Amino acid sequence: GSSGGRVVASPLAKKIASEMGVDLGSVSGSGPGGRITVVDVEGAAKGGGGGAKSNGEERKENNKWTPAEGVIAATPTARALAKKNKIDLNSVSGTGNFGRVTVGDVKVAMGEKPAKKAGASGPSQVSLPSGVVPYTGMQRAVSTNMEATLSVPIFRVSRTIEMDAFNALYQSVKPKGVTLSALITKAVAMAVEKHPIMNAAHDAGAPGIKYNSEINIANAVALDGGLITPVIKYANEKSVQDLGDEWKELVGKAKAGTLKPSEFQSGTFAITNLGMFGVSAFDAILPPGTGTILALGGTKKSRATTGRYTGATRRSS
């Protein structure tokens, strides 16, 4: 932690050391070039330096994904199967990535025997598919829409935000039947009211910027073999409870294949969320007719600086 008699430490580590009364000269640094970090200071304060974690250990801990409080990590098909058979996902032990509940886990909860794993003699032979499989109607539509938006001029930005206040709000309204999608939709609609440019779109024919007088929020929904974006119209004018009720109805129609074109082709702003799969960040593709899409990653516990060193839940978008 020293170089030629000079203590090498991060500014925040020096500040925390001063507040905790820790002598930096007695602390071993685990940062690049032996630099003293906040973790080193905290470890020294607790037990004389033995509690500090190495860079690798700290990175490994920070890379763990933990669902937000009250959110159960499960695949869409697992959720559907559990709902159909009235299985409480809270009672199911997940065996998927990041502890996610899979279809197999739900089947075990239903009483089925778990699938046999490959024996000690080695994995069973796998028959790989070959040749071209024609698109389904939905896959063809998704592919066409994606190709149509590739020519739209775009730029991407991302940031990590603190989610503690949002999570607390969600937990307070969840018992009333308000879904996470409805709450995010309401938050986006309120932001769009303040910044109408996010509700506008590129018009290649003019050419120019097409402003929309309605705020219609489209949310991506994964279906077997495809993707669709049901739209909640006039989202800024509706309560969170009404948004939740309408969203449930739209998702039901989407899964039943009964959505009208006006219910999935009229979006002016889009949202796509892969946070439940442990995805930290991703690039989303604009649906036709929109100018902005919000791509949400997962939340995880991390350390935030707010005067003092505190814990916080953060989400990337």
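Q: Where is Pro287 found?
A: Pro287 sits in the loop between strand 10 and strand 11. Keep in mind that this is a predicted model.

Q: What makes Pro287 count as buried or exposed?
A: Its relative accessibility is 16%. Buried means under 20%, so Pro287 counts as buried.

Q: Which residues is Pro287 in contact with, leaving aside neighbours within four places in sequence?
A: Thr149, Ala270 and Ile293. Pro287 and Ala270 are 17 residues apart in sequence, and their C-alpha atoms are 7.3 Å apart in space.

Q: How do you know which strand Ala270 and Ile293 pair through?
A: Ile293 in strand 11 is the bridge partner of Ala270. Strand 10 and strand 11 pair in the parallel sense, over four bridges. Two strands pair if there are at least two bridges between them, so four bridges are enough for strand 10 and strand 11.

Q: What else stands opposite Ala270 of strand 10?
A: Ala218 does. Strand 6 and strand 10 run parallel and are joined by three bridges.

Q: Why is strand 10 described as largely enclosed?
A: Because four of its five residues are buried, the rest of the structure largely encloses strand 10.

Q: What makes the pairing of the sheet mixed?
A: The sheet has four strands, in the order 9-6-10-11, and it is open. Strand 6 (residues 217-219) and strand 9 run antiparallel, with two bridges between them. Strand 6 and strand 10, on the other hand, run parallel.

Q: Which strands are called edge strands?
A: Strand 9 (231-232) and strand 11 (293-296), as each pairs on one side only.

Q: Which helix packs on the sheet?
A: Helix 8 (residues 180-194). It touches strand 6, strand 9, strand 10 (269-273) and strand 11, and its direction makes about 145° with that of strand 10.

Q: Why is helix 7 called oblique to helix 8?
A: The axes of helix 7 (residues 164-173) and helix 8 cross at roughly 125° and come within 10 Å. Roughly perpendicular covers 65 to 115 degrees and roughly antiparallel begins over 145, so helix 7 is oblique to helix 8. The crossing is right-handed.

Q: How many nonpolar, polar and charged residues does the contact of helix 7 with helix 8 have?
A: Seven nonpolar, no polar and no charged ones. From helix 7 come Phe166, Leu169, Tyr170 and Val173, and from helix 8 come Leu180, Leu183 and Ile184.

Q: And what makes helix 8 oblique to helix 9?
A: Helix 8 and helix 9 (residues 240-256) pack at about 125°, with axes 8 Å apart. That angle makes helix 8 oblique to helix 9, and the crossing is right-handed.

Q: Which residues meet where helix 8 packs on helix 9?
A: Helix 8 brings Ser181, Ala182, Leu183, Thr185 and Lys186, and helix 9 brings Val240, Leu243, Gly244 and Trp247. By class, that contact has five nonpolar, three polar and one charged.

Q: What makes Thr77 count as partly exposed?
A: Its relative accessible area is 39%. Buried stops under 20% and exposed starts over 50%, so Thr77 is partly exposed. Thr77 is in helix 4 (residues 76-84), and it touches Val103 and Asp224, not counting residues up to four places away in sequence.

Q: What about the backbone of Lys86 is worth a look?
A: Lys86 has a positive phi of about 55°, although it is not a glycine. Most residues other than glycine have a negative phi. Lys86 lies in the loop between helix 4 and helix 5 (103-109). With 77% relative accessibility, over the 50% cut-off, Lys86 counts as exposed.

Q: Which peptide bond is cis, with omega near -20°?
A: The one from Ala206 to Pro207. Pro207 is in the loop between strand 4 (201-203) and strand 5 (208-210).

Methods. Residues numbered from 1 in each chain as written. Predicted model: local features only at pLDDT ≥ 70, side-chain atom pairs only at ≥ 80, totals over all residues. Heavy atoms only, no water. Contact = heavy atoms within 4.5 Å. Axes fitted to C-alpha atoms, helices over the stretch in contact; angles between N-to-C directions. Parallel < 35°, antiparallel > 145°, perpendicular 65-115°, else oblique. Left-handed = near helix turned anticlockwise from the far one by under 90°. Nonpolar A, V, L, I, M, F, W, Y, C, P; charged D, E, K, R; others polar. Buried < 20%, exposed > 50% of the residue type's maximum accessible area, 1.4 Å probe, protein only.
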